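Subject: Structure for you to look at

Hello,

Please find below the structure that I promised to pass on to you. Have a look through it first, and then read the notes that follow.

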Amino acid sequence: MATPTKSAFAALMASSAERHSLADDVQGVVSGSMLAVLGITLLSSAGLLTGGVPGIAFLIHYATGFSFGACFFAVNLPFYYLAFRRMGRAFTLKTFTAVALTAALSEVLPRALGLTHVDPLTGALFGGLVIGAGLLALFRHRASLGGIGILALYIQDRFGWRAGFIQLGFDCAIVACSFFLASPYIIACSIAGALVMNITLAVNHRKDRYIAM
């Protein structure tokens with residue numbers, strides 16, 4: 001006969017085709033955050049920017065010298081109200097966890113990897129792909145890296161528009177602001193990275209192909 005403790009543990013681990021277990025969500029949020037931080041580190045090491053809230057955080061970081069992690073966490077704060085009202089408590093809590101974990105790891109990983117030089121185009125292509133994979137993992141577990149991702153997911157759920165294409169539009173506007181801070185080549189590489197990231201999302205993230213909650 002199962003004890004209450006074993007029953008509770010089994011409930012936490014149980015998942016189905018339609019619903020993730022708590023263990024599934026923890027793994028998805030942690031893995032997605034780790035992938036995102038790896039991509040952000042590649043972009044940062046190459047002096048690149050990107051779109052979304054990470055792009056805004058990069059702009060503030062490069063302009064002021066404040067740490068990327070602190071900027072990323074602070075810029076996300078106004079978006080949690082929208083997340084709670086439109087996407088629910090579970091989405092908001094998972095997103096807050098992903099943002100906090102990403103902000104913290106972004107302060108640690110660059111020192112742990114010790115990257116001294118990353119070619120801008122290589123960093124853009126690989127960084128964009130890895131961030132896209134991280135966002136895909138987060139989206140599939142009903143989480144995001146906040147900000148524009150929250151808006152993109154809300155619009156996709158409400159109107160059926162692809163989250164990747166929505167975010168691409170915002171990203172282009174944010175990257176355009178980088179003309180005040182970076183050279184044309186760095187901007188071109190940054191745009192290439194944003195394209196890779198958002199095409200990865202647009203091709204792979206569709207509600208009709210992935211139904212788990």
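The protein exposes about 10,700 Å², of which carbon and sulfur atoms supply 70%; accessible areas come from the Shrake-Rupley method with a 1.4 Å probe, and for residues only the protein chains shown count as cover. Please keep in mind that this is a predicted model, in which local features need pLDDT of at least 70 and side-chain atom pairs count only at pLDDT 80 or more, while totals for chains, interfaces and linings use all residues. Residues are numbered from 1 along each chain as its sequence is written, and side-chain values use heavy atoms, with hydrogens and water left out.

The protein has 10 helices and 0 strands, where helices (H or I, at least four residues) and strands (E, at least two) are DSSP runs numbered from the N terminus. Of its 213 residues, 45% count as buried, a word that stands for under 20% relative accessible area, with exposed meaning over 50% and partly exposed in between (1.4 Å probe, protein chains only). If we take the contacts (heavy atoms within 4.5 Å) between residues at least 6 apart in sequence, 73% of them join residues at least 24 apart.

Leaving aside residues up to four places away in sequence, Leu145 touches several others, among them Ala36, Phe72, Ala98 and Leu135.

The aromatic rings come next. A search of the whole structure finds 6 aromatic pairs; rings of Phe, Tyr and Trp (its six-membered ring) pair if their centres lie within 6.5 Å, and planes under 30 degrees apart count as stacked, over 60 as edge-to-face and the rest as tilted. Phe58 and Phe68 form a tilted pair, at 4.7 Å centre to centre and with 35° between the planes. Phe58 lies in helix α3 (residues 52–64) and Phe68 in helix α4 (residues 68–76), so this pair ties together parts that are 10 residues apart in sequence. Phe58 counts as buried because its relative accessibility is 0%, and Phe68 counts as buried at 7%. Phe68 also forms a stacked pair with Phe72, at 5.7 Å centre to centre and with 10° between the planes; these two are 4 residues apart in helix α4, so about one helical turn separates them. Ring pairs link Phe58, Tyr62, Phe68 and Phe72 into a cluster.

How many salt bridges does the structure hold? There is 1 salt bridge, a term for a side-chain nitrogen of Lys or Arg within 4 Å of a carboxyl oxygen of Asp or Glu. Lys94 forms a salt bridge with Asp25, and the closest N and O atoms are 3.6 Å apart. The pair links distant parts of the chain, with Lys94 in helix α6 (residues 89–113) and Asp25 in helix α2, 69 residues apart. Lys94 counts as buried, at 15% relative accessibility, and Asp25 is buried too, with a relative accessible area of 13%.

Best wishes
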